[in-house]
Amino acid sequence: MNASLSAAVLPLAEALIARRSVTPDDAGCLDLIAARLAAAGFACERLDAGPPEARVANLWAVHDSGRPGPTVVLAGHTDVVPTGPLQRWTSDPFVPSYRAAAANPAATATATASNSTMRLYGRGAADMKAAVAAMTLAAIDTAASGHAGRVALLLTSDEEGPALHGTRHAVEVLRARGERLDACIVGEPTSVDTLGDMIKNGRRGTLSGRLCVRGVQGHIAYPQLARNPIHDLAPALAELVAAHWDTGNAHFPPTSFQVSNFNSGTGAGNVIPGEAVVDFNFRFSTESTDAELRARVEAVLKRHGVDFDIAWTLGGQPFLTAPGTLSAALGGAIAAECGLRPVMSTTGGTSDGRFIAAICPQVVEFGVVNASIHQVDEWVDVAALEPLRRVYARTLAALLR
């Protein structure tokens with residue numbers, strides 16, 4: 001590994017955090033990264049997509065050794081979620097700042113990579129600009145030190161948003177070209193208590209529905225002249241909430257059904273509503289298919305005589321990477337750099353790994369501690385940045401020998 005790059009993760013992470021890349025606005029992050037990669041000999045290609053008013057930035061960058069070997073991809077996103085109320089932040093979320101982890105929140109200091117108590121604060125620090133910086137420099141290290149096969153980066157500005165024109169689109173482009181991807185690490189913040197304690201080797205699928213129940217609006221004193229959609233739905237909804245969908249398996253917990261929004265009524269206290277709208281979601285294991293879940297929901301509603309329509313949205317299929325060369329290389333790198341044997345897990349939400357898995361047989365996620373993601377005063381441990389870069393670089397070296 002190129003030791004001259006070892007101090008570069010922190011300033012690159014700072015430069016990315018300073019860009020107000022609230023999804024889907026990339027705010028120039030990918031231009032910055034592409035310039036670094038191009039200077040190191042990567043072929044950089046923009047695969048931008050989406051409507052002009054919400055254009056999504058996508059970068060596909062490849063360093064081809066010209067020698068036989070696999071294609072190993074580092075993937076991530078530069079977009080971040082909105083900040084929430086600015087007055088709740090201790091410092092400007094887009095001005096990188098430093099505070100000691102156990103110190104007075106108002107105290108500031110100059111960060112050094114050797115100071116294990118320092119945290120870098122800013123929106124996207126943990127999710128996932130620190131990892132993007134580390135991946136970029138690990139890939140440059142790999143290109144400079146020599147390797148077989150190809151090392152590539154796939155970055156997007158549409159992971160925190162609808163995820164329609166980001167990695168999903170880039171994967172479709174690569175699939176149409178016949179690209180073969182052999183292994184991929186997504187830099188999501190997977191660690192729980194300390195860097196290296198957890199790898200995600202799969203994720204549950206996500207299936208959402210918007211249920212519209214039709215009734216007949218009327219005066220609340222004359223229910224015989226109306227039909228209350230809330231009353232019609234209640235027994236069916238109770239059955240759906242109590243339903244046993246599957247038992248999960250050794251890798252996934254049981255499939256869960258959750259209602260996120262329930263809207264009905266005119267606002268008046270004496271009107272029976274004419275419609276009820278319910279948003280719900282399944283996080284489902286490989287023991288169920290989206291087709292089975294849709295059919296079961298609709299069967300329950302029909303059996304209870306509910307007059308309804310459902311608009312379904314499949315956010316992603318579940319995926320699972322069995323133990324193999326990628327998990328062995330990444331686990332070995334974590335053991336060498338962090339002194340830990342990581343736990344394999346499929347918990348948590350979704351990631352862009354669900355799209356990459358369609359064209360890549362081995363997809364895992366690994367990154368910094370996720371304790372502050374999407375929160376006010378989001379942070380990352382400064383001392384984790386260089387070990388993270390070295391973990392990525394060691395993994396690439398093991399796979400591209």
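This is a predicted model: local features need pLDDT of at least 70, side-chain atom pairs count only at pLDDT 80 or more; totals for chains, interfaces and linings use all residues.

Student: Which residues have the most contacts inside the largest nonpolar core?

Tutor: Those are F42, F366 and Y392, in a core that has 61 residues. Helix α3, residues 125-145, supplies the largest share of this core, with 14 residues.

Student: And what does Y392 touch?

Tutor: Not counting residues up to four places away in sequence, Y392 touches A131, A134, M135, A138, I185, G187, F366 and G367. Apart from this core lies another one, of 22 residues, with L211, A236, F282 and I310 among them.

Student: Back to α3, then: at what angle do α1 and α3 pack?

Tutor: Helix α1, residues 9-17, packs with α3 at an angle of about 135°, and their axes are 9 Å apart. The two helices are therefore oblique to each other, and α1 passes α3 in a right-handed crossing. On the α1 side the contact is made by V9, L12, A13, L16 and I17, while the residues from α3 include A125, K129, A130 and V132.

Student: What about H374, which has a positive phi?

Tutor: Its phi is about 65° although H374 is not a glycine, and D377, likewise not a glycine, has a positive phi of about 60°. H374 is in the loop between β18 and β19, and D377 lies in the loop between β18 and β19 too.

Student: Are they buried or exposed?

Tutor: H374 is partly exposed, because its relative accessible area is 41%, whereas D377 counts as buried, because its relative accessibility is 17% and the cut-off for buried is under 20%.

Student: Last one: what does the side chain of D290 make a polar contact with?

Tutor: Its partner is the side chain of Q317, at 3.1 Å. D290 has its place in helix α6, residues 290-303, and is buried, with a relative accessible area of 14%. Leaving aside neighbours within four places in sequence, D290 is in contact with L207, F284, L314 and Q317.

Conventions:
Residues are numbered from 1 along each chain as its sequence is written. Side-chain values use heavy atoms; hydrogens and water are left out. Helices (H or I, at least four residues) and strands (E, at least two) are DSSP runs, numbered from the N terminus. Buried means under 20% relative accessible area, exposed over 50%, partly exposed in between (1.4 Å probe, protein chains only). A polar contact is a pair of N or O atoms within 3.5 Å; within protein, one must be able to donate a hydrogen and the other to accept it, and residues adjacent in sequence count only if both atoms are side-chain atoms. Contact means heavy atoms within 4.5 Å. A nonpolar core is a set of buried Ala, Val, Leu, Ile, Met, Phe, Trp, Tyr and Cys residues joined through side-chain atoms within 4.5 Å. Axes are lines fitted to C-alpha atoms, for helices over the stretch in contact, and angles run from 0 to 180 degrees between N-to-C directions. Angles under 35 degrees count as roughly parallel, over 145 as roughly antiparallel, 65 to 115 as roughly perpendicular and the rest as oblique. A crossing is left-handed if the near helix is turned anticlockwise from the far one by less than a right angle, and right-handed if clockwise.
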